[in-house]
Amino acid sequence: MGHLTHRDLNASRERLRDQVAHALRAALISGELRPGVVYSAPTLAEDFGISATPVREAMLDLAREGLVEPVRNKGFRVTEVDERDLDQYTEIRALIEIPMVGRITRIAAREDLEALRPVADDIVRAAREHDLIGYLEADRLFHLTLLGLAGNERLVETVGDLRKRSRLYGLTALDESGDLIPSAEEHLELLDLMLAGDAKGAEKCMTRHLGHVRSLWAKSDRTTGE
C-alpha cells in the first residue's frame with residue numbers, strides 16, 4: 001500500500017475499470033508509478049480501496065497500449081523508454097508526419113481543418129489549467145485526426161502506436177515550469193499555416209514541434225531522475 005495518492009472512484013459513473021485505467025494513466029504521467037517497477041493488482045487495489053479484479057482488468061488495458069507489461073505471478077511492470085527509444089520514435093514520426101502535413105495542407109478541405117481548432121484550443125487550455133491527462137488526450141486527438149485527413153488508416157494506426165510507446169513520465173515538473181504551454185500553442189500555429197495553404201511553412205512548424213516534443217521528453221527524463 002502507499003504507491004498512489006488516494007483517488008476517490010465512483011462505481012456508479014461509467015465502468016469502474018475505465019475509472020481505474022484513467023487513474024493509472026494519471027499516475028504514470030505524474031511519475032507516481034515508476035518505469036521498471038513491478039506493481040501488483042492487489043496492492044494497487046488497496047490504494048484505491050476496491051477489489052483487485054477491476055485493477056487487473058485496467059492494467060491489461062494499459063498493457064495493450066504498451067504502457068505496462070505483465071510479469072508472471074507478480075503483476076505488471078511499467079515499461080521503460082530510454083533515450084535511444086525516444087530518438088527512434090521521434091525519427092519515425094518525423095519521417096511520417098512532416099511530409100504528410102504538407103500533403104494534407106494541399107488536399108484537405110478547409111472545413112475539415114477548421115474543425116480541429118476547438119481541439120487545438122483544448123490543448124492550450126489544458127496546458128494552462130495544468131490538466132495533464134486532458135493535454136495528452138487532446139494532443140492525441142488533434143494529431144491523429146489531422147493525419148486521418150490523408151485517408152490512410154494504417155498510417156494513423158502506426159503513429160498512434162508510436163505515441164503510446166513514447167508517452168511522457170514526470171510531466172508534473174514540466175507543467176509547473178510552464179514548458180508545456182509553448183508546445184501547446186504550436187498546434188494553433190500549425191493549423192493557421194495549413195489554413196493559409198502554406199505547405200512548406202506547415203512542414204517547418206511540424207519539424208519544430210516534434211523537436212520541441214523530444215526536448216520535453218529529455219527534460220522530463222532528467223527531472224524524473226533528479
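**Exercise 1.** State how much accessible surface the protein chain has, and what share of that surface belongs to carbon and sulfur atoms.

*Solution.* The model is a predicted one. Step 1: the accessible surface of the protein chain is about 11,300 Å². Step 2: carbon and sulfur atoms account for 49% of this surface. Step 3: turning to residues, the protein chain has 226, and 47% of them count as buried; the cut-off for buried is under 20% relative accessible area.

**Exercise 2.** List the elements of the protein chain in order from the N terminus.

*Solution.* Step 1: the protein chain holds 11 helices and 3 strands. Step 2: read from the N terminus, the order is α-β-α-α-β-β-α-α-α-α-α-α-α-α.

**Exercise 3.** Work out how the strands are arranged in the sheet.

*Solution.* Step 1: strands of a sheet pair through backbone hydrogen bonds, either parallel or antiparallel. Step 2: here the 3 strands form an open sheet with antiparallel pairing, in the order 1-3-2. Step 3: strand 1 (38–39) and strand 2 (68–71) are the edge strands, and each pairs on one side only. Step 4: strand 2 and strand 3 (residues 75–78) run antiparallel and are joined by 4 bridges. Step 5: within this pair, P70 stands opposite F76 in strand 3.

**Exercise 4.** Find which strands helix 3 lies across, and at what angle it runs to strand 2.

*Solution.* Step 1: helix 3 covers residues 52–64. Step 2: helix 3 lies across strand 2 and strand 3. Step 3: its direction makes an angle of about 120 degrees with strand 2.

How values were computed
Residues are numbered from 1 along each chain as its sequence is written. This is a predicted model: local features need pLDDT of at least 70, side-chain atom pairs count only at pLDDT 80 or more; totals for chains, interfaces and linings use all residues. Side-chain values use heavy atoms; hydrogens and water are left out. Two strands pair if DSSP finds at least two bridges between them. Helices (H or I, at least four residues) and strands (E, at least two) are DSSP runs, numbered from the N terminus. Contact means heavy atoms within 4.5 Å. Axes are lines fitted to C-alpha atoms, for helices over the stretch in contact, and angles run from 0 to 180 degrees between N-to-C directions. Buried means under 20% relative accessible area, exposed over 50%, partly exposed in between (1.4 Å probe, protein chains only). Accessible areas come from the Shrake-Rupley method with a 1.4 Å probe; for residues, only the protein chains shown count as cover.
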